[in-house]
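Here is a short report on helix packing and a few individual residues. Look over the sequence and the structure first.

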Amino acid sequence: MEIIKKKQATISWFSSKIAGCTEEITALQAENRDDEAVFAKIRMNVYDIFRTVFSVCTQTAGDDERKLVEEFLSRLQQIPRSWQASFSTTEAHGDVEKAHIERLKLDAAGEVGAFFRQTWEVEA
């Protein structure tokens, strides 16, 4: 797959994930399930963060696919480090709610990574 198609597929995937979360938030709020809506917002924010990171990487890398992949994967490792640290701390202190929030962030970041590696044909 050429770089333009990979970029389009990635942008489309992020848009789809964010739209899905938006629909989920609306439905949950309509059912007065506000806690679950907050969790959907957290996932949506993670997708939005990485959509922005991807956009910046595409601008800085231009048509250099190797550079784009390296930059994005670097950010994909760097950004969740604080989430992992927070997860470990909150879990150790028995803060179940905060640990759950950090786990949601980490899971969404993992999903982004899996999609990106598959689309950009990068070995894990």
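Helices here are DSSP runs of H or I with at least four residues, numbered from the N terminus. By that rule, Gln 8 lies in helix α1 (residues 3-30). The model is predicted: local features need pLDDT of at least 70, side-chain atom pairs count only at pLDDT 80 or more, and totals for chains, interfaces and linings use all residues. Residues are numbered from 1 along each chain as its sequence is written, and side-chain values use heavy atoms, with hydrogens and water left out.

**Helix packing**

Two packed helices are described by the angle between their axes and the distance between the axes. Axes are lines fitted to C-alpha atoms, for helices over the stretch in contact, and angles run from 0 to 180 degrees between N-to-C directions.

Take α3 (residues 65-78) and α5 (residues 96-119). Their axes come within 11 Å and cross at roughly 165°. That makes α3 roughly antiparallel to α5 (over 145 degrees). The crossing is left-handed, meaning that the near helix is turned anticlockwise from the far one by less than a right angle. Contact means heavy atoms within 4.5 Å. On the α3 side, Leu 68, Val 69, Phe 72, Leu 73 and Leu 76 make the contact. From α5 come Ala 109, Val 112, Gly 113, Phe 116 and Arg 117. By class, eight of these residues are nonpolar, one is polar and one is charged. Nonpolar covers Ala, Val, Leu, Ile, Met, Phe, Trp, Tyr, Cys and Pro; charged covers Asp, Glu, Lys and Arg; the others, Gly among them, are polar.

Now α2 (residues 34-61) against α5. These axes come within 9 Å and cross at roughly 40°. The two helices are therefore oblique to each other. Residues of α2 in the contact include Phe 39, Arg 43 and Phe 54. Their partners in α5 include His 100, Lys 105 and Glu 111. The contact has 12 nonpolar, one polar and three charged residues.

**Individual residues**

Exposed means over 50% relative accessible area, with a 1.4 Å probe and protein chains only.

| Residue | Relative accessibility | Class |
|---|---|---|
| Gln 8 | 51% | exposed |
| Asn 32 | 67% | exposed |
| Glu 121 | 58% | exposed |

Gln 8 and Thr 119 are 111 residues apart in sequence, yet 11 Å apart in space, C-alpha to C-alpha.

Which backbone angle is positive in Asn 32? Phi is, near 55°, in a residue other than glycine. Asn 32 sits in the loop between α1 and α2. Glu 121, not a glycine either, has a positive phi of about 55°. Glu 121 lies in the segment after α5.

Key: Angles under 35 degrees count as roughly parallel, over 145 as roughly antiparallel, 65 to 115 as roughly perpendicular and the rest as oblique. Buried means under 20% relative accessible area, exposed over 50%, partly exposed in between (1.4 Å probe, protein chains only).
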